[in-house]
Amino acid sequence: MSGGKLKKGGASPAKLLAKVSSPWCPRDESTGLFPPLNLPVMHISIDDRPYPIFCPEKLIKTVFEGKENDVFVATYARSGTTLTLSICREIHLLHNSSLPEDHPLLSEKPNDQTPWIYTDLRTYDPDKMPSPRVFKTHCFYQHLDIDSEKTKVIHVFRNPKDIVCSLYPHIRNPPRCHFFDFQGTFSDCVNWFLNGGLTNGCYWQFNKEYFENEKSYKILHVSYEELTLRKASAIQRINSFLGYKDLDDQQIAYIDKTTSLDPGSLKPDQFGKPGKALNMLSVEQRNKFDDRSRKEFDGISDIPASYIDEKVYLNQY
C-alpha cells in the first residue's frame, strides 16, 4: 500500500498499520525510540539504512528490469519529488501526442502516472507498463539496482535547512504520522536531522552517494532551488536529459504553468519556494546546517552556495 493513497479521515491507524507488509518494532518505552536503529520514527532497517515501514524489503532488494529510456526520480524525502515527476510527465506528453488513451501518463491518478517503484508496484505490473515510463524512488543509492545502460536517474536535492521545515509537519500530521509516529517538538526534529537522520536516514550520506555515483548511472543532478527559482532552466535541462530536442519559450511556459501549485492550495508540508528556514530556524540552527553541509559537500560542485553561506541564503531570490 502506498502512503500517497491514504486520505485524512479514512482508515484508522490500526487498520492502516495492519496493511503494512514489512516487520517493524514498537516503541521502546524506556528510551522512547523505535528499534532496530533507535530512531524517534517507526522504521524498518535494510542493510542498516532506515526505510518507512510501508516499504517491502523484498522489493527494495529486487533488481529492476528496465526498458530503454526509463527515468527514475530519486530524492531524499521533501526535496521536490512531485514537482520533478510532474515536469517529466508533461515533457513526455508534449513530445508524444499520440499515446494510447490507457497509457499510465494519461491517467488522472498521480500514482498511476509515475509510480513509487517499491510501493505502488505491488499493485502495478511494471512489465505491462508501456514506455515512456517515469518512476519515483526514495531508495538509498546502494539499493538502486537498475540497468545502467537503459535507465536514467534524475537526482533532486534540496537545502537541508528547508527540508527539515517541510519534514516536521509531514511526519506529524495525519495520515502519514500513523506510519512515523514522531512525537517530538520541532527542535527535536532539527536535532535528530542534524545528528542522525529520520525517515530517510542521514541527509548528507543519502545525497553524497548519488553525487559520487559509484555505479556510473546516467544521472542528472537538479537542485530544488533551480526547480523553483530558475524553473525554465530546469525544465530545459530535464527535457534535454530525456533525449528530446530543445523546447521553445512557449512550450517551457506551458510546462511551467501546468506544473505550478496554487499558493493557496499548499499543504503544511508544501512550502513552495526556498526560504522557509528564515522563519522556522534560528540563526544558530541555520549556522549548524551550513557548517555540516560545508564539511560533507566539500568538493561537490553542484551544491548551491545557499547551502553553506547564510548571506547567500538570505539573498537567493
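Student: What should I know about the model before we start?

Tutor: The model is predicted, so local features need pLDDT of at least 70 and side-chain atom pairs count only at pLDDT 80 or more, while totals for chains, interfaces and linings use all residues. Residues are numbered from 1 along each chain as its sequence is written, and side-chain values use heavy atoms, with hydrogens and water left out.

Student: How many helices and strands does the protein chain have?

Tutor: The protein chain has 14 helices and 6 strands. Both are DSSP runs numbered from the N terminus: helices are H or I with at least four residues, strands are E with at least two.

Student: What makes glutamine 285 count as buried?

Tutor: Buried means under 20% relative accessible area, exposed means over 50%, and partly exposed is in between (1.4 Å probe, protein chains only). Glutamine 285 has 17% relative accessibility, so it counts as buried. This residue lies in helix α13, residues 283–296.

Student: Which residues does glutamine 285 touch?

Tutor: Not counting residues up to four places away in sequence, glutamine 285 touches Ser187, Val190 and Met280. Contact here means heavy atoms within 4.5 Å.

Student: Why are α7 and α13 called roughly parallel?

Tutor: Let's begin with how such pairs are described. Two packed helices are described by the angle between their axes and the distance between the axes. Axes are lines fitted to C-alpha atoms, for helices over the stretch in contact, and angles run from 0 to 180 degrees between N-to-C directions. Angles under 35 degrees count as roughly parallel, over 145 as roughly antiparallel, 65 to 115 as roughly perpendicular and the rest as oblique. Helix α7 (residues 186–195) and α13 pack at about 15 degrees, with axes 11 Å apart. Therefore α7 and α13 are roughly parallel to each other.

Student: Which residues of α7 and α13 make the contact?

Tutor: Ser187, Val190, Phe193 and Leu194 of α7 meet Gln285, Lys288, Phe289 and Arg292 of α13. They divide into 4 nonpolar, 2 polar and 2 charged. For that sorting, Ala, Val, Leu, Ile, Met, Phe, Trp, Tyr, Cys and Pro count as nonpolar, Asp, Glu, Lys and Arg as charged, and the others, Gly among them, as polar.

Student: What is the handedness of the crossing of α3 and α10?

Tutor: The crossing of α3 and α10 is right-handed, while that of α7 and α13 is left-handed. A crossing is left-handed if the near helix is turned anticlockwise from the far one by less than a right angle, and right-handed if clockwise.

Student: Why do β4 and β6 stand at the edges of the sheet?

Tutor: Two strands pair if DSSP finds at least two bridges between them. The open sheet of 4 strands has the order β4-β3-β5-β6, with parallel pairing. β4 (134–137) and β6 (218–223) each have a single partner strand, so one side of each is left without a neighbour in the sheet.

Student: How do you know that β3 pairs with β5?

Tutor: There are 5 bridges joining β3 (residues 71–75) to β5 (residues 152–157), and the two run parallel. Valine 73, for example, stands opposite isoleucine 154 in β5. On the β4 side, 4 bridges join β3 to β4, and phenylalanine 72 stands opposite phenylalanine 135.

Student: What makes β3 largely enclosed?

Tutor: 5 of the 5 residues of β3 are buried, so the strand is largely enclosed by the rest of the structure. Val71, Val73 and Thr75 point one way, and Phe72 and Ala74 the other way.

Student: Is histidine 103 buried or exposed?

Tutor: Histidine 103 counts as buried, because its relative accessibility is 2%. This histidine lies in the loop between α3 and α4 (110–113). Leaving aside its neighbours within four places in sequence, histidine 103 is in contact with Pro130, Ser131 and Pro132.
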